Structures are given as C-alpha cells and as structure tokens.
Amino acid sequence: MHGYEPGEVQPTTELMLRHKHPDDVAHVKTLLAHAEAPFSSRHRIYTTTGEIRKVVVVGEAVRDASMRIVATRGLYVDVTDAVEEELQREVGDELRTIVADRAVIEQAKGMLMLAYDIDERAAFNLLRWRSQEANVKLRDIAREVVLKVPGLLNLQPSERGQVDHFLMTLADAAQ
C-alpha cells in the first residue's frame, strides 16, 4: 500500500509516520500516544511515488513490561477508490439538483419578466426578495411561480395569436 516490495523495509512507527499526510500527522500521533485500547483512524498517506491514498487503520498499541508503548500492530485498509466513488456520486447528485433548481429559477424569472415587463436582473431580485421575506428557499419560490403564474395569467388561445405569428415568421404581426 505504501509502495514498498515485501521485505524491502522494516515497518516501524517512525517510517509509517513519515508517510502520513502533513495535515494528519498530529491526529495520528495523538491517537498513538493515548492508545489505551484498540484504535481506529481514517487519514491520508503518501506512497513512495507521492500518490495520496485514503486509509482506515485499525490497530492496537504493543507495550513493554513497564507499559510503555514500543510498537503498534494492526492493519490498513485502502479506501481511496470507495471514497472517490462516493464523492463523485454525491457531486453528481448535487450537480443534478443545482441544474434542476437553476432551470426552474430561470423559468420563473422569464414569467416575471413577461408579467411585469422587467429585465432578468429585476426578475431575479424580485424572487430573491420574496425568498428573504417569506424565509423560503428561492428555488421553492420559483417552483411556486412556475406552477401558479400560468394559471393566473390565463391567456386564451385567441390572445396568443400575435405570439404564434411571431414564432412562425419571426416578424411582428403588425408588419
């Protein structure tokens, strides 16, 4: 796991500590210094090639006759791939949520722009204001706008004729 061939080095606590990520060394040293019972830890190590691996360590302190810790024994489990897979899944889930929320916010902005003849920034500011005033997430306000505003506007087919003409010809009906 650290990158040594079997039998290449004698594993010592000092050698293992040299492989710990600098941000994790203090935690591991504290854990070892207070190892009254079996312990476990999750931290990062550097391999001999400089690769960072995420590991779970389960071990126990080995004491001499005077109860001084002289070694540790246990096992390492490399959880790098599992942690990365979980992170990617969580990021993907969050990204899908953000994209969906952004889409509904854009729809709500468009509806407010049409209803009030305002620009995109003013429409967003209106949504943000209602969110803050109601203490409701902006995406939830946007969902309500998208759900309810079309029914409030209640445009009849006869009132959509100019929009239909414009979409078909990309020219104003008055031209």
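**Exercise 1. What share of the residues in the chain is buried, and what overall dimensions does the chain have?**

Solution. Step 1: of the 175 residues in the chain, 23% are buried. The model is a predicted one.

Step 1: the C-alpha trace spans about 100 × 35 × 20 Å along its principal axes.

Step 2: compare the radius of gyration with that of a globule. The chain has 31 Å, whereas a compact globule of 175 residues would have a value near 16 Å.

Step 3: turn to contacts with a separation of 6 or more. Residues 24 or more positions apart account for 37% of these.

**Exercise 2. How many helices and strands are in the chain, and in which order do the elements run?**

Solution. Step 1: the chain has six helices and three strands.

Step 1: read from the N terminus, the order is α-α-β-β-β-α-α-α-α.

**Exercise 3. Describe strand β1 and its pairing with strand β2.**

Solution. Step 1: sort the residues of β1 (residues 39-46) by face. Phe39, Ser41, His43 and Ile45 lie on the covered face, while Ser40, Arg42, Arg44 and Tyr46 lie on the uncovered one. In a regular strand, side chains alternate between the two faces of the sheet.

Step 1: find the partner. β1 pairs with β2 (residues 52-63) over eight bridges, in the antiparallel sense. Arg44, for example, stands opposite Lys54 in β2.

**Exercise 4. Which residues of helix α4 are buried, and on which side of the helix do they lie?**

Solution. Step 1: locate the helix. α4 covers residues 120-134, which is 15 residues. From first C-alpha to last, α4 reaches 21 Å, close to the 21 Å expected at 1.5 Å a residue.

Step 1: list the buried residues of α4, which are Ala123, Leu127 and Ser131. These residues cover an arc of only 75° around the axis, so they are on the same side of α4. An α-helix has 3.6 residues a turn, so residues three or four places apart point the same way.

Step 2: identify the cover. What covers the buried residues of α4 includes α3 (80-116) and α5 (138-153).

Step 3: check the face turned away from the buried side. This face carries the exposed residues Arg121, Gln132 and Glu133.

Note on methods
Residues numbered from 1 in each chain as written. Predicted model: local features only at pLDDT ≥ 70, side-chain atom pairs only at ≥ 80, totals over all residues. Heavy atoms only, no water. Helix = DSSP H or I, 4+ residues; strand = E, 2+ residues; numbered from the N terminus. Expected span 1.5 Å × (residues − 1). Buried < 20%, exposed > 50% of the residue type's maximum accessible area, 1.4 Å probe, protein only. Arc of directions from axis to C-beta. Contact = heavy atoms within 4.5 Å. Pairing = 2+ DSSP bridges. Rg over C-alpha atoms; globule rule 2.2 N^0.38 Å.
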